[in-house]
Amino acid sequence: MSEHGTDAYLGAMDLPPLVTRAVTAARERGFAHSCRPEQGRLLRALASGAPSAIGETGTGCGVGLAWLAPGAGPDVRLVSVERDPALARIAADLFGDDPRVTVLRGDWREIVAHGPFDLLALDGGGQGKHPGDPPADPEELLTRRGTVLIDDFTPGFHPDPPREHWLSPRRRPGLSSARPSPPLRGWTPRSRGRIAAPARTTRRARRGGRR
């Protein structure tokens, strides 16, 4: 999610129709924390490389999922989980005509039974950034050479257990990470899946071990 992410679509052009519908639903609901357009384009690009399954935690009103779905192939499963029942219903209705998409209602751990995933976007649990939210296990949730995308890493805070969990080669030798290179902002095809913003970074890590 992104603070004021829904507002970032004001005046945005050339959006996929499903994204426009999801943003409209988010505005009507008063949901401010949708992913931003540049983050959505990254999601769509990464989805195009997933051969069989994509997972997402934190559906919100479905804006991120609306970017993922057009990028995914016709036979790729998309599974997203949202703990807020009202938001989950909004997203489920939005994707009611797409048999590839499943929107779950509940804790992020509900997604485990639907893995492993070629691409996993952790935005609503599983990052390990809050008390009571243990980080997801990439060995359990990712296919071989799968990719996990994690946002809201802010450099300079120590100790930082989530950063240690995901980015330390000692802790996760099977993961390689794509780190942003300041002053990179936004995303281009050459950025290798990296987004950097003044206060937040999105991390993309790839698993290279066995399933």
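A: Let's start with Ser34, which sits in the loop between helix H1 (17–29) and helix H2 (37–47). Please keep in mind that this is a predicted model. Ser34 has a relative accessible area of 4%, so it counts as buried, the cut-off being under 20%. Its side chain makes a polar contact with the side chain of Thr6, at 2.8 Å.

Just after H1 comes Gly30, with a positive phi of about 80°. H1 itself is made of 13 residues and spans 19 Å from first C-alpha to last, close to the 18 Å expected at 1.5 Å a residue.

Which residues of H1 are buried? They are Leu18, Val19, Ala22, Val23, Ala25 and Ala26. Because these residues cover an arc of only 160° around the axis, they lie on the same side of H1. The buried residues of H1 pack against helix H3 (63–71) and helix H4 (85–94). On the face turned away from that buried side you will find the exposed residues Pro17 and Glu28.

Finally, here is the wider setting. The protein has six helices and eight strands, and 52% of its 211 residues count as buried. Among contacts between residues at least 6 apart in sequence, 69% join residues at least 24 apart. The accessible surface of the protein comes to about 10,700 Å², with 51% of it belonging to carbon and sulfur atoms.

Definitions and conventions:
Residues are numbered from 1 along each chain as its sequence is written. This is a predicted model: local features need pLDDT of at least 70, side-chain atom pairs count only at pLDDT 80 or more; totals for chains, interfaces and linings use all residues. Side-chain values use heavy atoms; hydrogens and water are left out. Helices (H or I, at least four residues) and strands (E, at least two) are DSSP runs, numbered from the N terminus. Buried means under 20% relative accessible area, exposed over 50%, partly exposed in between (1.4 Å probe, protein chains only). Contact means heavy atoms within 4.5 Å. Accessible areas come from the Shrake-Rupley method with a 1.4 Å probe; for residues, only the protein chains shown count as cover. A polar contact is a pair of N or O atoms within 3.5 Å; within protein, one must be able to donate a hydrogen and the other to accept it, and residues adjacent in sequence count only if both atoms are side-chain atoms. The expected span of a helix is 1.5 Å times one less than its number of residues. The arc is that of the directions from the helix axis to the C-beta atoms.
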